[in-house]
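Have the viewer open and follow along.

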Amino acid sequence: MRKLENSELERKSIEDFKTATKTPLILILDDVRSLNNIGSVFRTADAFLIEKIYLCGITATPPNKEIHKTALGATETVDWEYAQDVVSVIQKLKSDSVKVFAIEQVENAILLQDFSINVNEKYAVVFGNEVFGVNQKAIEICDGTIEIPQLGTKHSLNIAVSTGIVVWDLFKKIHF
C-alpha cells in the first residue's frame with residue numbers, strides 16, 4: 001500500500017469547483033464564535049461540494065487569517081453569504097421550499113440515523129453557538145430538529161465535528 005501524492009488526487013480547480021453540480025445542502029452557522037470552527041466548516045463544505053454556507057449573527061466572515069488557517073482556501077470555493085439574523089435566513093429558505101432542520105438536542109428530535117431524505121427536496125441545517133447551541137427562535141421556525149446520538153458522559157460535540165458527522169450522513173443519504 002502506497003500513500004498517494006497530491007498530484008494523484010485529481011483535485012478540482014477553483015473554476016471546476018464553481019461549475020460542478022453541488023450537493024443540495026445548505027449550512028447555516030448562527031453565532032459561531034470560533035474562527036477555527038468556521039474554517040473547518042468551510043473545509044468540510046468544500047470536501048462534499050456543499051451548495052452554500054450562511055454565516056449569521058456574530059459568526060465571522062472571510063477574508064480572515066484565522067479562518068484561513070483551517071479552511072485552507074475553501075473560502076475561495078464554497079459559496080457563502082453573511083446575514084445578521086438567522087431567523088430571516090430560515091424564513092427565506094423555507095419560502096424557497098428548502099426544508100430547514102436545526103442540529104440540536106430538543107424534545108422530539110429525530111435521531112440522525114433515523115432522518116430520511118427526500119431526494120426531490122433541498123435541505124438546510126442550522127448549527128449554533130458553541131456554548132448555547134441553536135437559538136430557540138430559530139428552532140421554533142425550523143421544519144424539525146436532528147440530534148446526533150451521544151452515549152458518553154458529555155452531551156455535546158464541537159461544531160466542526162458535528163458538521164462533519166451531519167454532512168457525511170446527509171451526503172450518503174442524498175447520493176447513495
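This is a predicted model: local features need pLDDT of at least 70, side-chain atom pairs count only at pLDDT 80 or more; totals for chains, interfaces and linings use all residues.

For reference, exposed means over 50% relative accessible area, buried means under 20%, and partly exposed is in between, using a 1.4 Å probe and protein chains only. Residues are numbered from 1 along each chain as its sequence is written, and side-chain values use heavy atoms, with hydrogens and water left out.

**Salt bridges**

Arg2 forms a salt bridge with Glu8, and their closest N and O atoms are 2.7 Å apart. A salt bridge here is a side-chain nitrogen of Lys or Arg within 4 Å of a carboxyl oxygen of Asp or Glu. Glu8 counts as partly exposed because its relative accessibility is 32%. Searching the whole structure turns up 9 salt bridges, and the table shows some of them, including the Arg2 pair.

| Pair | N to O distance |
|---|---|
| Glu8 and Arg2 | 2.7 Å |
| Glu130 and Arg33 | 3.8 Å |
| Glu51 and Lys122 | 2.9 Å |

Take Glu130 and Arg33, whose closest N and O atoms are 3.8 Å apart. This pair links distant parts of the chain, 97 residues apart: Glu130 is in the loop between β6 (122-127) and α5 (136-141), while Arg33 is in the loop between β1 and α2. Helices (H or I, at least four residues) and strands (E, at least two) are DSSP runs, numbered from the N terminus. Glu130 is partly exposed, with a relative accessible area of 26%, whereas Arg33 is exposed at 52%.

The salt bridge between the side chains of Glu51 and Lys122 comes in at 2.9 Å, N to O. Here, too, the pair links distant parts of the chain: Glu51 is in strand β2 and Lys122 in strand β6, 71 residues apart. Glu51 is partly exposed at a relative accessible area of 24%, and Lys122 counts as partly exposed at 29% relative accessibility.

**The sheet**

Two strands pair if DSSP finds at least two bridges between them.

Now zoom in on strand β2 (residues 50-56). Of its 7 residues, 6 are buried, so the strand is largely enclosed by the rest of the structure. Strand β1 (residues 23-30) runs parallel to β2 and is joined to it by 6 bridges, with Thr23 opposite Ile50 in β2. β2 also pairs in the parallel sense with strand β3 (residues 80-83), over 4 bridges. There, Tyr54 stands opposite Glu81 in β3, and Cys56 stands opposite Ala83 in β3.

The helices tie in as follows. β1, helix α2 (residues 35-47) and β2 make a right-handed β-α-β unit, and β2, α3 and β3 make a right-handed β-α-β unit as well. Right-handed means that, with the strands pointing away from the viewer, the path from the first strand over the helix to the second runs clockwise.

**Thr70 on helix α3**

Thr70 lies in helix α3 (residues 65-71). Is Thr70 buried or exposed? Thr70 counts as buried because its relative accessibility is 19%. Leaving aside neighbours within four places in sequence, Thr70 is in contact (heavy atoms within 4.5 Å) with Leu35, Asn36, Gly39, Ser40 and Arg43. A polar atom of the Thr70 side chain lies 3.3 Å from the backbone nitrogen of Ser40.

**Cysteines**

The structure holds 0 disulfides, a disulfide being a pair of cysteine sulfur atoms within 2.5 Å. Cys56 is in no disulfide, and its nearest cysteine sulfur, that of Cys142, is 11 Å away, which is too far for a bond. Cys56 counts as buried at 0% relative accessibility, and Cys142 counts as buried at 11%.

Definitions and conventions. A polar contact is a pair of N or O atoms within 3.5 Å; within protein, one must be able to donate a hydrogen and the other to accept it, and residues adjacent in sequence count only if both atoms are side-chain atoms.
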